[in-house]
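Please walk me through this structure.

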Amino acid sequence: MNVSTNAMAALAGSPEQSELARHVADTMAALTKIYDRGYFLTCWREQRFEAELWSRMGELGLFSVGVPEEQGGMGGGLAGMVQVLDGLSSAGLPTMLYSLTCFSRTPILRHGTPEQIERFVKPTMSGEKKIAFAITEPDAGTNTFRIATKATPHKGGWRLNGAKVFTSAANHAELMMVIARTRPYTPGASRREGISVFVIDTNHPGVQMTPLNIELYSPEQQFQVFFNDVDVGPEALIGPEGQGMETMFDALNPERLLSAVLCIGVGDFALAKTIDYVKQRAPFGRPIGAYQGVQHPMARAKAHLDAARLMTYYSAHAFDAGGNVAATANMAKYLGAQASVEAVDAAIQFHGGYGFDADYDVITLWPIVRLFKVAPLNDEMILNYIGEHVLGLPKSY
Ligand SMILES: Cc1cc2nc3c(=O)[nH]c(=O)nc-3n(C[C@H](O)[C@H](O)[C@H](O)COP(=O)(O)OP(=O)(O)OC[C@H]3O[C@@H](n4cnc5c(N)ncnc54)[C@H](O)[C@@H]3O)c2cc1C
């Protein structure tokens with residue numbers, strides 16, 4: 001199947017970006033022939049990190065895509081990182097840690113000091129360090145403003161205490177971006193005030209983690225993470241104290257776009273598998289792929305996947321150009337989740353009973369795409385945002 005990723009990535013980009021986009025597309029195609037879906041599932045079964053894939057990506061310079069050339073990277077911005085992840089997920093390797101690392105380092109590049117870039121971003125360019133992202137808390141849930149993890153001034157630096165939940169791949173990451181309150185929410189004050197962004201080492205003795213029992217058919221697990229007197233230096237604070245919303249949204253908008261392309265890629269992977277299957281399977285003598293009742297849901301899903309992909313690349317390029325992408329990043333993530341659920345649903349349907357056999361690796365694609373209607377921001381909150389900020393309707397929550 002022609003996924004047209006190359007052309008999409010080049011869209012709206014400069015000639016230089018197009019050249020890099022072509023290089024990334026070729027590199028990803030070759031890489032995922034070696035590290036394929038079978039490799040990903042082996043790592044899942046063995047519950048181990050995709051170390052060989054990660055190490056090869058480092059050798060190929062793929063982690064430096066998205067880091068400006070002035071910082072020693074290959075450039076390409078968020079659009080470049082989206083394209084790398086597109087290459088992975090379209091091959092059936094939806095690696096969240098790539099997404100987490102890329103979107104977490106983006107605000108450091110934009111708001112961090114040269115020392116912070118040196119310390120937190122540079123080691124991610126070789127793959128030596130990976131970054132987990134911890135914002136969700138057990139009680140606050142979707143309402144980030146209610147987070148209770150706090151950072152208090154301590155010996156010239158900060159002391160963190162609190163708990164996070166659903167932190168993906170925390171055990172595989174050397175660094176963690178933690179959203180904490182440096183000032184408690186006080187009724188009457190702006191709820192944005194007092195939120196700050198930190199980067200800490202996950203091997204700090206005050207960081208403990210417990211795995212959650214979440215089944216995504218992925219080598220990456222989710223964790224409840226506890227911070228008990230995690231003392232860090234002043235360099236752990238990214239951007240201004242208490243004014244972390246702007247810093248944070250330079251992570252969250254990229255997160256939406258990387259999440260979008262992660263599930264869009266899986267949707268395409270599911271369709272590609274299903275195309276092969278329906279060309280062969282012929283219970284009535286003709287391949288089932290010849291029936292319109294089979295073709296149309298797949299064709300519809302493909303149209304929706306490509307529309308979502310276009311919006312994702314468009315938004316990533318707009319982000320790189322310094323635009324405000326809050327609306328289009330939300331829309332891209334919403335559309336990407338819808339389209340990939342539609343694609344995997346069609347894949348299950350047209351594999352019939354075998355769609356439910358984990359050995360056919362179709363039902364195994366369902367949790368990872370369905371997840372993105374809930375995380376990192378649920379469909380309802382995205383629609384709330386569009387209702388309020390795009391349509392100009394009253395705030396509904
Ligand atoms: C596999 C997985 C990986 C994750 N990885 C990470 C990670 O790496 N880092 C991290 O910080 N978090 C992570 N999360 C957390 C994820 O982002 C949250 O689960 C999500 O934001 C929702 O929070 P909640 O589960 O507490 O849902 P709640 O806030 O309890 O909401 C439950 C449901 O209520 C509805 N709802 C809530 N508020 C509203 C509203 N205002 N209007 C309408 N409907 C509403 C929605 O349908 C929502 O799904 C992950 C979660 C999962 C399952």
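Predicted model: local features only at pLDDT ≥ 70, side-chain atom pairs only at ≥ 80, totals over all residues.

Start with two helices. Helix α5 covers residues 77-90, and helix α9 covers residues 292-320. Their axes lie 6 Å apart, and the two helices pack at an angle of about 150°. Angles over 145 degrees count as roughly antiparallel. α5 and α9 are therefore roughly antiparallel to each other.

Which residues of α5 and α9 make the contact? From α5 come G77, L78, A79, V82, Q83, D86 and S90. From α9 come R309, T312, Y313, A316, H317, F319 and D320. Sorted by class, the contact of α5 with α9 holds 6 nonpolar, 5 polar and 3 charged residues.

Now turn to the loops. K155 sits in the loop between β2 (150-154) and β3 (157-168). Its phi is near 45°, a positive value in a residue other than glycine. Is K155 buried or exposed? K155 has a relative accessible area of 79%. Exposed means over 50%, so K155 is exposed.

D361 also has a positive phi, of about 55°, although D361 is not a glycine. Its place is the loop between α10 (326-350) and α11.

The last stop is a peptide bond. Going from A375 to P376, the bond is cis, and its omega is near -10°. Where is P376? P376 lies in the loop between α11 (366-371) and α12 (379-390).

Methods: Residues numbered from 1 in each chain as written. Heavy atoms only, no water. Helix = DSSP H or I, 4+ residues; strand = E, 2+ residues; numbered from the N terminus. Buried < 20%, exposed > 50% of the residue type's maximum accessible area, 1.4 Å probe, protein only. Axes fitted to C-alpha atoms, helices over the stretch in contact; angles between N-to-C directions. Parallel < 35°, antiparallel > 145°, perpendicular 65-115°, else oblique. Contact = heavy atoms within 4.5 Å. Nonpolar A, V, L, I, M, F, W, Y, C, P; charged D, E, K, R; others polar.
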